[in-house]
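I opened this notebook to record what I looked up in the structure, one topic at a time. The entries follow the order in which I went through the model.

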Amino acid sequence: MLFLFFHYSIWWFVLTVGLGLGITAWGAFDIRLGYFTDTFYRRKHSRGKVIALTFDDGPTHYTEQILDLLQRYQASATFFCIGKQVEKFPELAKRLVHEGHTIGNHTFSHSPWMGFYKADKVLVELQEADSVIEAVTGKRVKFFRPPYGVTNPSIAKAVKLTRHQVIGWSNRSLDTIIMDEDKLYNRVVRKLRSGDIVLFHDTSQRTVKVLERLLPYLQEEGYGLVTVDDLLTLHAYES
Ligand SMILES: [Zn+2]
């Protein structure tokens, strides 16, 4: 009898945990599945040809080269920064804001376990990143992009409290996964539509190389490169 109970409870455990993980994975699958009622991931009716390039996970050594390139092509972009990285490279965070780019929150530590955090822990991640960014740049940011695009009830609850605006993407470069520069470039260009928010990471030389081709192409095609707040007509900072 005892054995039977044990046997059943194990299977019940496996079933519940399995189901839980499945739901988490499903929620993580696409930011557009929507735990947030108002996640922005593109501008639907854009006037003229406009694109918002976004860079996650910086600042890093590569951010400098990306800022140089953006400057050369008079392009603006949005950087979703990790608080820890802002502490490491405060000058780059200052520079990107100074040069007219937008800075947003991408949590303090970008933990791979974030999807399993309770709301209070997510809240700390958001608040710590906010305070580092404010201390370094003087900006109180309103934009938040969840790491890995993971959305779940805990993250939704925390964001409701901090009142961040959640920003997704409509064109994912997969620049942390695809190693081949040609493939990466073609993937972005093939799917590109006006009003897109394009997801890149300022964490590799590969991305810098792709931008060296992408920026002149976009200029030739007549695309305006704007910040997310410009694209969506939103305020990026608390006044
Ligand atoms: Zn990230």
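This is a predicted model: local features need pLDDT of at least 70, side-chain atom pairs count only at pLDDT 80 or more; totals for chains, interfaces and linings use all residues.

**Entry: the chain as a whole**

I counted the elements first, and the protein chain has nine helices and eight strands. Of its 239 residues, 51% count as buried. I then looked at contacts between residues at least 6 apart in sequence, and 79% of these join residues at least 24 apart.

**Entry: backbone angles**

I searched the backbone next, bearing in mind that most residues other than glycine have a negative phi, and most peptide bonds are trans. Tyr148, which is found in the loop between β4 and α6, has a positive phi near 60°. Tyr148 counts as partly exposed because its relative accessibility is 43%, and buried would require a value under 20%. Leu174, in the loop between β6 (171–172) and α7 (181–191), also has a positive phi, of about 60°, although it is not a glycine. At 21% relative accessibility, Leu174 is likewise partly exposed. A positive phi, near 90°, turns up at Gly100 as well, the residue that follows α4. For the peptide bonds, I noted that the one from Gly58 to Pro59 is cis, with omega near -5°, and that Pro59 is found in the loop between β1 and α2.

**Entry: the zinc site and its surroundings**

Which residues are the protein donors of the zinc ion? I found Asp57 (OD), His106 (NE2) and His110 (NE2), lying 2.1 Å from the ion, and along the chain they follow the spacing D-x48-H-x3-H. Asp57 lies in the loop between β1 (50–56) and α2 while His106 lies in the loop between β3 and α5, so this pair ties together parts that are 49 residues apart in sequence. Asp57 counts as buried at 17% relative accessibility, and His106 is buried with a relative accessible area of 1%.

Gly58, placed in the loop between β1 and α2, is buried with a relative accessible area of 0%. Leaving aside neighbours within four places in sequence, Gly58 is in contact with Phe80, Cys81, Ile82, Gln85 and Asp202. The C-alpha atoms of Gly58 and His201 are separated by 7.4 Å, although these residues are 143 apart along the chain.

I also checked Arg145, in the loop between β4 (143–144) and α6 (153–162). Is Arg145 buried or exposed? Arg145 counts as buried, because its relative accessibility is 0%. The C-alpha atoms of Arg145 and Thr107, 38 residues apart along the chain, are separated by 8.1 Å.

Beyond four places in sequence, Phe200 touches a set of residues including Leu53, Phe55, Ser173, Val188, Val210, Leu211 and Leu214.

**Entry: helix α4**

The buried residues of α4 (residues 90–98) are Leu92, Ala93, Arg95, Leu96 and Val97. What covers them includes α2 (61–72), β2 (77–81), α3 (83–88), β3 (102–105) and α5 (119–137).

**Entry: pockets**

How much space lies in the largest pocket? I noted about 300 Å³. This pocket is lined by 13 residues, of which Val141, Lys142, Thr162, Arg163 and Glu238 lie nearest its centre. The lining divides into one nonpolar, four polar and eight charged residues, and α5 gives the most to it, with three residues.

The second largest pocket holds about 200 Å³ of space. Of the 16 residues that line it, the closest to its centre are Tyr148, Arg172, Thr176, Leu199 and His201. By class, the lining of this second pocket has seven nonpolar, five polar and four charged residues.

Methods: Residues are numbered from 1 along each chain as its sequence is written. Side-chain values use heavy atoms; hydrogens and water are left out. Buried means under 20% relative accessible area, exposed over 50%, partly exposed in between (1.4 Å probe, protein chains only). Helices (H or I, at least four residues) and strands (E, at least two) are DSSP runs, numbered from the N terminus. Contact means heavy atoms within 4.5 Å. On a 1 Å grid over the protein atoms alone, a cavity is a set of points where a 1.4 Å probe fits but cannot get out, and a pocket is an open set with protein on both sides within 12 Å along at least five of seven lines; lining residues have an atom within 4 Å of a point. Grid points are joined across faces, edges and corners, and a volume is the space filled by probe spheres set on the points. Ala, Val, Leu, Ile, Met, Phe, Trp, Tyr, Cys and Pro count as nonpolar, Asp, Glu, Lys and Arg as charged, and the others, Gly among them, as polar. Donors are N, O and S atoms within 2.8 Å of the metal (3.2 Å for Na, K and Ca); water is not among the atoms, so sites may look incomplete.
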